[in-house]
Amino acid sequence: QSDMEKIRLTLEELDRDAFDHAVKAIVSAKRIYIIGVRSSAAIASFLGFYFNLIFDNVVNVTAGTASEMFEHLLRVGEDDVVIGVSFPRYSKDTINAARFARSRGAEIIAITDQKQSPVAQLSSAALLAPSEMLSFIDSMTAPMSLINALLVGIATKMGTDVTETFTTLERLWDQYDVFGGADDE
């Protein structure tokens with residue numbers, strides 16, 4: 001019930017101008033960096049998986065240490081977009097990486113829970129989706145729905161480029177028997 005309410009709130013309260021700005025910035029970026037650590041890493045990874053199918057300029061900033069994160073960001077600069085995925089408890093690594101990228105002229109897009117979050121404060125566009133601690137786990141249902149909407153928005157903006165990419169992928173997956181079905185033994 002709580003997850004359904006969070007999805008409803010995300011849809012109702014989404015800043016359409018920020019969403020459109022994020023889509024345009026991502027589509028026109030020289031390079032796209034995606035950062036998310038700890039519980040936000042799963043969302044960043046999901047976004048990165050699809051972005052790598054759509055774009056050829058994606059850097060998934062995955063790191064076990066802060067120094068590795070900065071090594072991934074070594075060449076970040078103007079014309080680049082850094083997507084910072086950060087939910088409570090906000091990781092200092094993500095905040096520091098976004099701060100560094102911004103100091104190098106990169107545009108920061110935040111995917112977070114509220115305007116007051118540290119990454120949202122550093123961003124030119126904050127895409128907000130409430131999350132909350134449910135017993136001992138972080139609920140990421142609304143943020144995942146937001147990611148899905150972002151992917152659809154980007155595909156719509158790019159039009160036939162994305163359609164052609166996924167048509168080619170489907171042919172390759174069929175040709176090389178990548179996926180199995182219920183009928184496979």
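**Exercise 1.** In this predicted model, find which residue of strand S2 stands opposite tyrosine 33, and state how S1 and S2 pair.

*Solution.*
1. The residue opposite tyrosine 33 is valine 59 in S2.
2. Strands S1 and S2 (residues 58-61) are parallel, with 4 bridges between them.
3. To get from S1 to S2 the chain passes through helix H3 (residues 41-54), and this β-α-β crossover is right-handed.

**Exercise 2.** Identify the residue of S3 opposite isoleucine 35, then decide whether the faces of S1 are covered or open.

*Solution.*
1. Strand S3 (residues 81-86) runs parallel to S1, joined to it by 4 bridges.
2. Within S3, glycine 84 stands opposite isoleucine 35.
3. Side chains in a regular strand alternate between the two faces of the sheet.
4. In S1 (residues 32-35), Ile32 and Ile34 lie on one side, Tyr33 and Ile35 on the other.
5. These four residues are all buried, so both faces are covered.

**Exercise 3.** Determine which residues of the largest nonpolar core touch the most other members, and which element gives the most to this core.

*Solution.*
1. The core has 35 residues, and Phe51, Ile83 and Ile111 touch the most other members.
2. Elements that each supply at least two residues include S1, H3, S3 and helix H7 (141-158).
3. H7 gives the most, with 7 residues.

**Exercise 4.** Classify phenylalanine 179 as buried or exposed.

*Solution.*
1. Phenylalanine 179 lies in the segment after helix H8 (160-175).
2. Its relative accessible area is 55%; the cut-off for exposed is over 50%, so phenylalanine 179 is exposed.
3. Together with Leu172, Tyr176 and Val178, Phe179 forms a nonpolar surface patch of about 430 Å² accessible area.

Note on methods:
Residues numbered from 1 in each chain as written. Predicted model: local features only at pLDDT ≥ 70, side-chain atom pairs only at ≥ 80, totals over all residues. Heavy atoms only, no water. Buried < 20%, exposed > 50% of the residue type's maximum accessible area, 1.4 Å probe, protein only. Pairing = 2+ DSSP bridges. Right-handed = clockwise from strand over helix to strand, strands pointing away. Patch = residues over 30% accessible without salt bridge, like charges linked within 9 Å, V, L, I, M, F, W, Y side chains within 5 Å. Areas by Shrake-Rupley, 256 points an atom, 1.4 Å probe, with all protein chains shown as cover. Salt bridge = Lys/Arg side-chain N within 4 Å of Asp/Glu carboxyl O. Core = buried A, V, L, I, M, F, W, Y, C linked by side-chain atoms within 4.5 Å.
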